[in-house]
Amino acid sequence: MVGPEILSTAGKAASPLLSRLAAKLAHSLLFRYQVQRAVRKKTGIALPGRAFRHWLRRVAEVELKQPIEETGVRLARDLDTTLSVYFEWAVQRDRLSKSVAIVESVYDSVLALSPDPEARILQASWSSSRHSALVARLMVDHRSLAGLSRQDAAALLRRYSVARRAVRLSAFNTDVDALDESLSGISGRLPQVPSGEVRVLVAPFGAGKSEVAEAWHLAQIDVFDGQPDSPQPVWVDAAELTGRSLEEVLAAIADRDLIRTSGVAVVIDGLDEVDGERAVRLVDQAKVVATASPRCSFLLTCRPGVIAADSIVVDWPGLTTEEAIRLITAVAGTEPSTWSWDPILLDTISRPFFALAVGVSMKAGRLPTGQAELIRLLVERALADAPTSALAVTDASRYLALRQLGENLTDSGGQADGLDFRTRALARETTLVRARPSGVVEFSLPIFQQWFAAQSLLEQPLRVRQLSGDPLLFDRWRWAIAVACLAADDEQVDSILAACFAGNPGAAAWVIARIAEGHDWRSETAIDESQAGVRVLRATRACIDAIGELAPLYFPVRSSTQPIVLGVRARGSILTLGWWLKAAADDEVVDLPSSVHPLQTGVDRTEWLPDRSGPIPEGGEWPWRIVQERFAGQTIKILETHPKLGPRFGIWHVESMYAAARQLGSKPTMMFNPIPVTEIRAAAGRFLSVVDNPRSAAYQTGRSVIPGQLIVDLMDWLSELDLEELRRPLPAPDVDPAQSTGWVWGLYSDAQMQAFYAEAYGQACVAYDEAVSSVFASFSWSMGASADGEFGVVGDLSYKSGTSFGARAPGITTARVPISQLSEIAARFGDDAKIAANGRALITRSADDRKRSWIHALVRDRQSPFVHAGPFSRPGGVTDSIANRTNHPRPASELAANWLCDDMKALGLAQGTFPQLDR
């Protein structure tokens, strides 16, 4: 808890007068009687007279001759101790407040009873806020408010609130009071926390969670101040609870009887600053206390990715655009013109932290382009202001201590500073850190931690490989990596991003997206011809090495180990690239012949493959964006055409082989009849007999082209199966074509359609897992659909009448859920649900086509959430579509391909609409 400021020692000049009056009080019984009567009259507090007069005589010459600003706290505590031997005094809950009031009244009465004119002057000079300041000093080393009146406790809590806000907003170097009107909209949208309940306020970094919680806390203080027996407000930082139970901490702050009778209204700020298991335990402990003491309420704050969303979670939407602009205007002094702002920046300013940062930057004459740059500019501005810079940056020992602190806190998720005594002492000498009750030091703002952690990466960029190779470490370090890139020169940027690709190409894509925020795709800056080719080659090599066996699908190479020869031609800001297709001994950059250009005809494609020609993007990361653009342009094509994005004889492979068998056998029909294996072998034999190397050839039948490798695999597969007929790996039509509606779904009964989609989605889940664990293995945890663990699909099949698709058309509503929840949902529906054979999908069938699907309610009410694990989490929402996949030869693969495409789009590694297989 932030302590109150030290009181002014104004009044020391009056010590001679106080000394004379104190001596009189010590030696004159009559004077002590007079003071006692005056005190009782002024305060209305009943006192044990003899004990009080004895106390006056004892402290008079020692303490009362000193100004109250110096000795008032000691006197109040001494008086309370003296009177506490009396039962009537000891049982009073506000006795400390009364002690302060009595001590103040003693000073005032002594002066009032003095005929000396100087006494009148001294009385008139004392601050009217002296009482609350004395109370603050009285409680500086105590968390408990025991002994204070409600009014004094409320005043003290408000002082602590002001101090916390001053620390949070210190980096902005602006008047906190001037911001209150701009942030007033927060007070009108506070979360509702009923008595006996717990709420978790969830919002991303910089969204103002602590400010919202502070406003709620202040509202509880107002209630506490004005209503007897209302709950006592309590503020606790989650980091303070490390190694201590919530009940233990609350007992140290509030009396147990008070918790039981009046309750407490508790804020626990920063759940994301403790480890995930501890955060979950704190929520559970809060629920236990709220249940046991129904007058208690708890508001906890954290960023997404810490607590599983359920009915206790409250999402904070941030500021409206109008509120954000008012806040920026309050800081910058002028209203911003936002019509030309990048959409990313407009979205960013909905978070108060970043709106303030934009205002500060505008005031300085510079508009940041994205969140990472906002962080960097804000910290560097704060460090440029004395006295911070003198201690934190210009002094080498303190700078190294802070850099080590930033690295250790980021590594440990804020749990440990990892400093020895001397280094911790150096860090504490700056204004950027604060100490927790445990003695561990931390930065006063998260952005300081990220900035200093970023400085360590500039010194050791190769460490980024380790950080980006682990999902937990990357989640902790990702903003520091982005800030480091923005502060780096070209060589450092390339080193950091190459290491990031080596750890996880999805993590590298996330970093590139952050540092490229607001950077245009067309730069007007002339290209450094001596470095352009080298940098593009380095970025290309890093990407190819990272994606491994995917490399031949995305780049014109036979394997990821093949040497690369890039042709480069730079003219002004225009960069033209081409690939040398002949064998080479090593990676190399050469001059691109003038005849090689993407739009040039007649180029010998056996030597050169033109790649791109155009302006380079803005920013030092431009070579990496060029490589990323090439990658993104290939993704949908690969998903549509590659027959085996998974293991041999996995879902992708089997569906591709079945689709090839349909083309090789008799004419395919919508009935998906069994295919005689003899027909397949005969057709395949004709192809295999006329080509020397079938694995590299292709077989064309009608408009379809079947890769020769797939035919070879099909023959191997059939040999292993030893079947007479090949059947579709999904439920087949069960309605006589003569009785059907003429639409593809008319060949399926309602029950068979339900079974079809259960199996199709179940197999799609497996197909997705196969792709992520094999071909896309280098991306692993950065693939959004699976970033939170294994998932399943729930769906609802319904039939709508009177549509353009006929009298009765089926629709399918689906959503992804954690696999652990499927059994719970299955128990809810019983036999009405169809579950896939592999247990990965559950499909129900609605009886009422007018009723909105239960899937919408499930997602809306947040009863089937994922615990968001990090920046790549992409649980997805509800998908509604017509149920027309029954005629598709590879429905599971196509569903998985769409999920993979969405994952890659989220990383900026896919362009276009969506993949359509075998169309």
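This is a predicted model: local features need pLDDT of at least 70, side-chain atom pairs count only at pLDDT 80 or more; totals for chains, interfaces and linings use all residues.
Biologist: Let's take valine 568. Why is valine 568 called buried?

Modeller: Buried means under 20% relative accessible area (exposed is over 50%, partly exposed in between, with a 1.4 Å probe and protein chains only). Valine 568 has a relative accessible area of 12%, so it counts as buried.

Biologist: And what does valine 568 touch?

Modeller: Contact means heavy atoms within 4.5 Å. Leaving aside neighbours within four places in sequence, valine 568 is in contact with residues including Gly533, Leu575 and Val589. The C-alpha atoms of valine 568 and valine 589 are separated by 7.0 Å, although the two are 21 residues apart along the chain.

Biologist: Which strand holds valine 568?

Modeller: Valine 568 lies in strand E8. Strands (E, at least two residues) and helices (H or I, at least four) are DSSP runs, numbered from the N terminus.

Biologist: How do you know that E8 and E10 pair?

Modeller: Two strands pair if DSSP finds at least two bridges between them. Strand E8 (residues 565-571) and E10 have 4 bridges, in the parallel sense, so they qualify as a pair. One of these bridges joins valine 565 to glutamate 588 in E10.

Biologist: What is the strand order in that sheet, and what makes E10 and E11 edge strands?

Modeller: The open sheet of 4 strands runs E10-E8-E9-E11, with mixed pairing. Strand E10 (588-591) and strand E11 (608-615) each have a single partner strand, so one side of each has no neighbour in the sheet.

Biologist: Let's turn to the sheet with E2. What is its order, and which strands are at its edges?

Modeller: This open sheet of 5 strands has the order E2-E3-E4-E1-E5, with parallel pairing. Strand E2 (232-237) and strand E5 (313-315) are the edge strands, each pairing on one side only. The twist averages 20° from one strand to the next.

Biologist: Which helix packs on this sheet, and how is its direction described?

Modeller: Helix H13 (residues 246-253) packs there, touching E2, E3 and strand E4 (297-302), and its direction makes about 130° with that of E2. Axes are lines fitted to C-alpha atoms, for helices over the stretch in contact, and angles run from 0 to 180 degrees between N-to-C directions.

Biologist: Now helix H37. How does its length compare with what is expected?

Modeller: The expected span is 1.5 Å times one less than the number of residues. Helix H37 (residues 891-906) has 16 residues and reaches 23 Å from its first C-alpha to its last, close to the expected 22 Å. H37 is mostly covered, with 13 of its 16 residues buried.

Biologist: What comes just after H37?

Modeller: Glycine 908 follows, with a positive phi of about 75°. Glutamine 628, in helix H30 (residues 622-641), touches Gly908 among others, including Leu907 and Leu909.

Biologist: Are glutamine 628 and phenylalanine 474 buried or exposed?

Modeller: Glutamine 628 is at 13% relative accessibility, so it counts as buried. Phenylalanine 474, found in helix H25 (residues 471-487), is at 0%, so it counts as buried too.

Technical notes
Residues are numbered from 1 along each chain as its sequence is written. Side-chain values use heavy atoms; hydrogens and water are left out.
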